[in-house]
Structure formats: C-alpha cells, structure tokens
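I opened the notebook to go through this model piece by piece. These entries keep to what I looked up.

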Amino acid sequence: MNHTKLIFCCVYISSYSNTSVYDSFVESLQNETNFMIGDHVFILGDFNLSEVDGSDFDFLRGSAKAQVISQLISENDLYSVNHISNYLNTTLDLVLTDLTSVVIADISEGPLVKVDNYHPPLEITLSLKTKIN
C-alpha cells in the first residue's frame, strides 16, 4: 500500500516582527527532523511581507525578511503559489509548497464570514498522483 504524506505548517508572523523572527521560523523548520522529509509540504499563512505582490514575486530581491523566505524556498525546492492579492494589491498570505499542481482561487463571493480586506479567503486545490498496486 502506498502512502502520500502531506505536511502542513500554518504561520502567523506579526507585521511588527524584525528579521530575526523570520530567521527563527526558518531555523525551527530546519530543526524539525520530520518536516522536510514528508512527501509533500505546505507552508501557509500570514507572513506580513507587504512587498509581495503575487506568486511570481522575486523574494531574493526583496527586503531582508523576504530574503530569509527566499532561502527557505530555494533550499527546500518550494514554490510560492498564491497569486491572489488583497485590496492593496499585496499578497500577505503565502502558500509555499513543493507541489506544482496546486490551484489557488479567490472565494470572496459568498464566504461564510465577512471578508478581511487584507486577507482574501482562498480555495486551495491540489492534485496528487497515486499508484494502484
């Protein structure tokens, strides 16, 4: 029987945090022995990087905080896949994953609760290939 392991990490980093908080977050992930060993990884949440403006943002050319995230992405073969911007045309909520088959959609129409203009609700769809023995 084949198993696909999905590891999720939910993040909130305050907008008042300095670069050392981002460094500590990445270091914590690297110290977690099982985290990057899983078949697939999702790191989702509010990173409060107001300079990010979509999934094609070049973190390496951003602030020192963004460069820490760039290091996390490059060292773990991750992709930033959230292209949904808030009302300020920034993407505070990142979705980092090793999967290329992830689709992000804005579901602001008809949400269960009032929409936070800084954090539009997301629908995340992923496709996994399974082997049948």
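**Cores.** I started with the largest nonpolar core, which has 22 residues. Phe-25, Ile-43, Phe-47, Phe-59, Ile-69 and Leu-96 touch the most other members. I took a nonpolar core as a set of buried Ala, Val, Leu, Ile, Met, Phe, Trp, Tyr and Cys residues joined through side-chain atoms within 4.5 Å. Buried means under 20% relative accessible area, exposed over 50%, and partly exposed in between (1.4 Å probe, protein chains only). Strand S1 (6-12), helix H1 (19-31), strand S2 (40-46), helix H2 (64-75) and S4 each supply at least two residues of this core. H2 gives the most, with 5 residues. Helices (H or I, at least four residues) and strands (E, at least two) are DSSP runs, numbered from the N terminus.

I then listed the contacts of Phe-25, with contact meaning heavy atoms within 4.5 Å. Residues up to four places away in sequence aside, Phe-25 touches Cys-9, Val-11, Ile-43, Phe-47 and Leu-72.

**Source notes.** The model is predicted: local features need pLDDT of at least 70, side-chain atom pairs count only at pLDDT 80 or more, and totals for chains, interfaces and linings use all residues. Residues are numbered from 1 along each chain as its sequence is written, and side-chain values use heavy atoms, with hydrogens and water left out.

**Overall.** I counted 2 helices and 6 strands. From the N terminus on, the elements run β-α-β-α-β-β-β-β. The protein has 133 residues, and buried ones make up 38% of them. I also checked contacts between residues at least 6 apart in sequence: 61% join residues at least 24 apart. The accessible surface comes to about 8,300 Å². Carbon and sulfur atoms account for 50% of that surface. These areas come from the Shrake-Rupley method with a 1.4 Å probe; for residues, only the protein chains shown count as cover.

Tyr-22 lies in helix H1. I count Tyr-22 as buried because its relative accessibility is 0%. Tyr-22 and Ile-69 are 47 residues apart in sequence, yet 7.6 Å apart in space, C-alpha to C-alpha. Beyond four places in sequence, Tyr-22 touches Ile-13, Ser-17, Phe-47, Asn-48, Leu-49, Lys-65, Val-68 and Ile-69.

Ser-70 is found in helix H2. Its relative accessible area is 13%, so Ser-70 is buried. Ser-70 and Phe-59 are 11 residues apart in sequence and 5.1 Å apart in space, C-alpha to C-alpha. Leaving out residues up to four places away in sequence, I found Ser-70 touching Phe-59 and Leu-60.

**Thr-97.** I placed Thr-97 in strand S4 (residues 93-97). With a relative accessible area of 0%, Thr-97 is buried. The Thr-97 side chain reaches the backbone nitrogen of Leu-99 at 3.1 Å. Neighbours within four places in sequence aside, Thr-97 is in contact with Val-41, Phe-42, Asp-77, Leu-78, Tyr-79, Val-81 and Val-102.

Most residues other than glycine have a negative phi. Which loop holds Asn-48? Asn-48 sits in the loop between S2 and H2. Phi of Asn-48 is near 50°, a positive value. At 18% relative accessibility, Asn-48 counts as buried.

Asp-77 is not a glycine either, and its phi is positive, about 50°. I found Asp-77 in the loop between H2 and strand S3 (79-80). Asp-77 is exposed, with a relative accessible area of 59%.

**Charge.** How many salt bridges are there? The count comes to 1. The rule is a side-chain nitrogen of Lys or Arg within 4 Å of a carboxyl oxygen of Asp or Glu. Arg-61 and Asp-58 meet in a salt bridge through their side chains (3.3 Å, N to O). Arg-61 is exposed, at a relative accessible area of 73%. Asp-58 is partly exposed, at 39%.

**Surface patch.** Leu-6, Phe-8 and Leu-128 make a nonpolar surface patch of about 250 Å². Patches are made of residues with over 30% relative accessible area and no salt bridge: like charges are joined within 9 Å, nonpolar side chains (Val, Leu, Ile, Met, Phe, Trp, Tyr) within 5 Å. Leu-128 lies in the segment after strand S6 (122-126). I logged Leu-128 as partly exposed, at 32% relative accessibility.

Terms used: A polar contact is a pair of N or O atoms within 3.5 Å; within protein, one must be able to donate a hydrogen and the other to accept it, and residues adjacent in sequence count only if both atoms are side-chain atoms.
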